[in-house]
Amino acid sequence: MKSESTDEIDRRLLDALQHDASESNQSLAERIGISAPTCLRRIRRLREAGWIEREVAILRHDRVGALLTAVVELSLDRQDAASLDAFEQRVVQEDAVQQCYRVSPGPDFVLIVAMRDMAGYQALAQRLFTSDANVRNVKAFFSVKRAKFEPRVPLPGAN
């Protein structure tokens, strides 16, 4: 975050939107201590400037039904830039892949994947890991409980 392009009010708005983007403009303006038109203009400017990537609804896992969530570590045989980019491009196309990180040291990638059941995971593993001759090692850790999920990004001076 470039601090020179935002001020304290912008950071407070961004922080509030991360907690609940469905809050009305009027309510948000009152909470931040600015007028509703100013609030609307600032949020529009923050969107246009690329500070807000997108707004989504976060569903409760217990309402959706059974889900199998796995944290998957994997290493590739070849770690040159082209090989890493090619694998990453394939992985991010998969709907079951919720998050994809290149990491170091250790494995080359860590993925967070969610699917309905073990059969879904096996199909995903076949498509992404088994059929790719460059995948050397895969370790999957299956979640037994999600204690916290918070996509919020901490902002300096927002509280």
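Close-up 1. Helices here (H or I, at least four residues) and strands (E, at least two) are DSSP runs numbered from the N terminus. The model is predicted, so local features need pLDDT of at least 70 and side-chain atom pairs pLDDT 80 or more, while totals for chains, interfaces and linings use all residues. Residues are numbered from 1 along each chain as its sequence is written, and side-chain values use heavy atoms, without hydrogens and water.

**Close-up 2. The buried face of helix 2.** Within helix 2 (residues 25-32), look for L28, A29 and I32, which are buried. Buried means under 20% relative accessible area, exposed over 50%, and partly exposed in between (1.4 Å probe, protein chains only). Viewed down the axis of helix 2, the buried residues fall within an arc of 100°, so they line one face of the helix; the arc is that of the directions from the helix axis to the C-beta atoms. Helix 1 (8-19) and helix 3 (36-48) are among the elements covering these buried residues, where contact means heavy atoms within 4.5 Å.

Close-up 3. In helix 6 (residues 118-130), Y121, L124, A125, L128 and F129 are the buried residues. Their cover includes strand 1 (68-76), helix 5 (81-92), strand 2 (97-102), strand 3 (109-115) and strand 4 (135-142).

**Close-up 4. R60 and its partner.** You will find R60 in the loop between helix 3 and helix 4. R60 is partly exposed, with a relative accessible area of 49%. Its side chain meets that of D62 in a polar contact of 2.6 Å. A polar contact is a pair of N or O atoms within 3.5 Å; within protein, one must be able to donate a hydrogen and the other to accept it, and residues adjacent in sequence count only if both atoms are side-chain atoms.

**Close-up 5. A cis peptide bond.** Between S104 and P105 the peptide bond is cis, with omega near -5°. P105 sits in the loop between strand 2 and strand 3.

Technical notes: Expected span 1.5 Å × (residues − 1).
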